[in-house]
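Please open the model in a viewer and keep the sequence panel at hand.

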Amino acid sequence: MVEPANTANIKPHPYPLLKDELDIVIPTIRNLDFLEMWRPFFQPYHLIIVQDGDPSKIIKVPEGFDYELYNRNDINRILGPKASCISFKDSACRCFGYMVSRKKYIFTIDDDCFVAQDPSGKPVNALEQHIKNILSPSTPHFFNTLYDPFREGADFVRGYPFSMREGVPTAVSHGLWLNIPDYDAPTQLVKPRERNTRYVDAVMTIPKGTLFPMCGMNLTFDRELIGPAMYFGLMGDGQPIGRYDDMWAGWCVKVICDHLGLGVKTGLPYIFHSKASNPFVNLKKEYKGIFWQEDIIPFFQNVSLPKDCTTVQKCYIELSKQVKAKLGEIDPYFNKLSDAMVTWIEAWDDLNPVGASGQVNGKV
Amino acid sequence: MSEVNIMDNEVDIVIGALQSDLTSFMNEWRPVFIRYHLIIVKDPDLKEELQIPEGFNLDVYSKSDIDRVVGSSKSILFSGFSCRYFGYLVSRKKYIISIDDDCVPARDDKGILVDAAAEHISNLATPATPYFFNTLYDPYREGADFVRGYPFSLRSGVTCALSCGLWLNLADFDAPTQALKPGQRNSRYVDAVMTVPARAFMPMSGINIAFDREAVGPALFPALRLAGEGKLRWETMEDIWSGMCVKVVCDHLGLGVKTGLPYVWRKDRGNAVETLKKEWEGVKQMEEVVPFFQSVRMPQTATTAEQCVVEMATRVKEQLGSVDTGFTRAAEAMIEWLKLWKAVGSSSSVPGV
């Protein structure tokens with residue numbers, strides 16, 4: 001049995017890393033009570049709350065947090081017709097928060113994720129670990145058997161070429177979850193009682209050319225390096241599919257990171273996932289995805305981006321064309337998705353004109 | 001592909017003896033090793049008699065056996081750490097577990113003694129999943145499963161042909177790294193096994209491995225010998241080379257390689273700075289080795305490990321031979337090994353016994 005941590009007596013760090021360079025994006029439809037538990041770790045940072053569902057509902061943000069909050073009316077007002085690319089009644093709407101942020105880094109977390117304990121009982125400051133992950137290089141070209149060589153107490157093993165030891169910039173830090181595991185509906189139905197109690201004390205880089213199912217519950221990324229690729233797709237209301245938002249983004253992101261020479265890490269930090277969603281509801285949402293992913297995965301595994309795609313946006317637009325050409329045959333949904341991917345980039349560029357941040361993304 | 005049942009009598013534990021007194025080594029491993037047949041191969045360069053405690057089911061091979069079986073001109077191939085490969089050659093079992101003689105059982109994060117043999121066998125008995133990364137690591141472990149988004153058609157996995165374990169205390173660093181951090185010891189017990197993804201490569205450490213001899217035996221050979229190869233792990237590259245060969249074979253034939261658990265405890269030994277004083281070409285050679293293996297592709301016509309090795313040896317000679325004569329010798333050694341494997345390794349009777 002695992003339990004969430006008690007953070008009542010934790011003193012906040014006097015000099016929180018990246019305090020003015022990182023936004024925390026939280027999608028919510030219920031409430032933000034969970035923030036109380038995260039207060040010692042999150043309070044120094046700016047929050048972007050994306051309120052899904054009924055915009056007339058008032059979502060109360062606990063005292064003392066610096067935040068901006070957007071509901072559906074705000075999204076429609078800010079994006080106009082381009083708001084069509086932002087999902088409704090699905091946590092995929094969180095990617096609107098990525099778009100409006102002005103910071104270099106984003107940490108996103110679900111509102112049912114609490115602070116986990118490490119095996120010694122110490123509360124895990126997930127944000128701090130994500131920051132360590134994202135500020136140290138990744139090693140996608142050769143797998144290090146002692147996992148992240150930049151962690152204290154680890155290093156590159158014998159046989160690891162020295163020319164590869166500098167690594168590449170880390171674009172994504174993908175964290176994990178104790179307690180309720182992120183299973184699909186069929187697995188949830190078969191194993192309703194299974195809980196993830198295994199704390200695997202490792203961070204590692206996902207090798208180049210390897211895809212993975214990215215979970216958006218506990219995720220950090222460098223917005224300047226990869227932001228435009230973090231579109232969470234068309235899900236929820238009016239869409240034939242749900243619970244594929246983060247995975248879709250993850251596949252696009254990984255293909256583009258591999259192309260641009262950026263790294264994706266997975267492993268620590270853990271959060272404590274408290275709520276199991278209804279597996280029957282999930283099955284209805286996921287059901288088409290379970291069939292479609294059999295075609296989607298080979299599509300991403302075989303995607304090739306031309307050399308002249310040197311920015312994330314160019315890669316993403318190219319990807320959207322290939323989605324239409326190759327996945328459009330499976331279901332008209334993919335034509336819609338492809339168009340939405342283009343709309344997303346247009347909206348991103350509107351809100352993030354080049355020169356405003358001084359940075360052009362892509363190969364660093 | 002479902003879980004395979006591996007019986008004790010399908011396993012050989014092969015130990016390369018680089019030190020003569022194996023008493024404490026064998027006694028520390030007794031609770032783990034006692035169930036299995038052991039093959040102990042004495043380093044042909046070792047002069048002293050081996051001291052082995054009683055009670056084990058084992059066969060011991062020394063220089064005279066090696067000379068008799070492979071011919072004295074070839075016995076050079078089996079000196080130092082490479083002596084264990086003679087054990088792989090003469091074994092008649094389907095699975096081999098091999099651990100360096102300076103390692104003892106580790107304790108896990110709860111203080112329980114790690115049965116490295118049982119964990120290796122479990123790794124080999126359960127499928128590997130090289131085509132898509134599972135973020136909860138090995139989905140076949142108790143308490144874990146495939147995560148949301150893992151394609152169902154990939155969930156039956158492939159046969160695991162190689163299990164690479166890790167080391168607590170003295171990690172397998174190269175000499176420069178160990179010299180720079182003389183006090184660093186690996187104390188982090190990472191409770192995970194995972195499949196190394198298809199087309200991803202890693203440096204295989206021979207210190208603590210297990211493999212399906214029938215599937216990949218022909219590819220697991222220390223063809224790349226450093227001129228200054230010595231009796232300390234950071235003076236060798238042989239296992240790194242054979243691990244890369246095995247990965248190419250596995251990727252081509254649709255087999256899996258796992259890494260992670262089990263851990264062994266590796267004793268402090270040797271002086272990394274002393275090693276640095278010798279001329280050490282391994283570091284330079286890895287710069288060529290890794291890109292080569294990452295780009296090598298096997299033809300569709302290669303359907304066995306042997307055929308893959310023949311193809312690889314040709315490419316090594318063509319592409320790396322001009323860079324360093326060590327690679328030409330490596331290519332030749334791979335072919336020699338295949339001949340030995342055919343003559344000795346795949347016959348049904350145990351030679352010389």
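Leaving aside its neighbours within four places in sequence, with which residues is B:Arg148 in contact? Select B:Arg148 and display its surroundings: the residues in contact (heavy atoms within 4.5 Å) are A:Asp182, A:Tyr183, A:Asp184, A:Pro213, A:Cys215, A:Arg243, A:Tyr244, A:Asp245, A:Asp246, A:Met247 and A:Glu286.

Before continuing, note the conventions: this is a predicted model, in which local features need pLDDT of at least 70 and side-chain atom pairs count only at pLDDT 80 or more, while totals for chains, interfaces and linings use all residues. Residues are numbered from 1 along each chain as its sequence is written, chains are lettered from A and ligands numbered from 1 in the order in which they are written, and side-chain values use heavy atoms, with hydrogens and water left out.

**First stop: B:Arg148**

B:Arg148 sits in the loop between helix 4 (116-125) and strand 6 (160-169) of chain B. Its relative accessible area is 5%, so B:Arg148 is buried (buried means under 20% relative accessible area, exposed over 50%, partly exposed in between, with a 1.4 Å probe and protein chains only). The UniProt annotation "glycosylation site", from an unreviewed entry, covers B:Arg148; UniProt positions are given in the numbering used here, feature names are shortened, and annotations may be inferred rather than shown by experiment.

**Second stop: the interface of chains A and B**

Select the residues of each chain that touch the other: 63 residues come from chain A and 61 residues from chain B. Together the two chains bury about 5000 Å², 57% of it on carbon and sulfur atoms (buried area is the accessible area, with a 1.4 Å probe, that two parts lose on being put together, summed over both). Ten salt bridges are found across this interface. Between chain A and chain B there are also 29 residue pairs in polar contact, both at pLDDT 80 or more (a pair of N or O atoms within 3.5 Å; within protein, one must be able to donate a hydrogen and the other to accept it, and residues adjacent in sequence count only if both atoms are side-chain atoms).

On the side of chain A that touches chain B, strand 6 (170-179), helix 5 (185-190), helix 7 (245-260), strand 9 (263-273) and helix 8 (279-302) of chain A each supply at least two residues. Helix 8 of chain A gives the largest share, six residues.

Move to A:Arg158, in the loop between helix 4 (126-135) and strand 6 of chain A. The "glycosylation site" annotation of an unreviewed UniProt entry covers A:Arg158. A:Arg158 is buried, with a relative accessible area of 1%. Not counting residues up to four places away in sequence, A:Arg158 touches residues including B:Asp172, B:Trp234 and B:Ile240. Show the backbone of B:Thr236 as well: its oxygen lies 3.1 Å from a polar atom of the side chain of A:Arg158.

B:Asp100 forms a salt bridge with B:Arg233, the closest N and O atoms being 2.9 Å apart. The partners are 133 residues apart, B:Asp100 in the loop between strand 4 (95-99) and strand 5 (103-105) of chain B and B:Arg233 in the loop between helix 6 (213-216) and helix 7 (238-253) of chain B. B:Asp100 is buried at 3% relative accessibility, and B:Arg233 is buried at 2%.

The side chains of B:Asp109 and B:Lys110 meet in a salt bridge of 3.7 Å, N to O. B:Asp109 counts as partly exposed at 44% relative accessibility, whereas B:Lys110 is exposed at 65%. For a further selection, take A:Arg158, B:Arg84, B:Asp100, B:Asp172, B:Arg233, B:Glu238 and B:Asp239, which salt bridges that share partners join into one network.

**Last stop: helix 1 of chain A**

Select residues 35-42 of chain A, which form helix 1; seven of its eight residues are buried. Among the elements covering the buried residues of helix 1 are strand 1 (22-28), strand 2 (46-51) and helix 4 of chain A.

Notes. Salt bridge = Lys/Arg side-chain N within 4 Å of Asp/Glu carboxyl O. Helix = DSSP H or I, 4+ residues; strand = E, 2+ residues; numbered from the N terminus.
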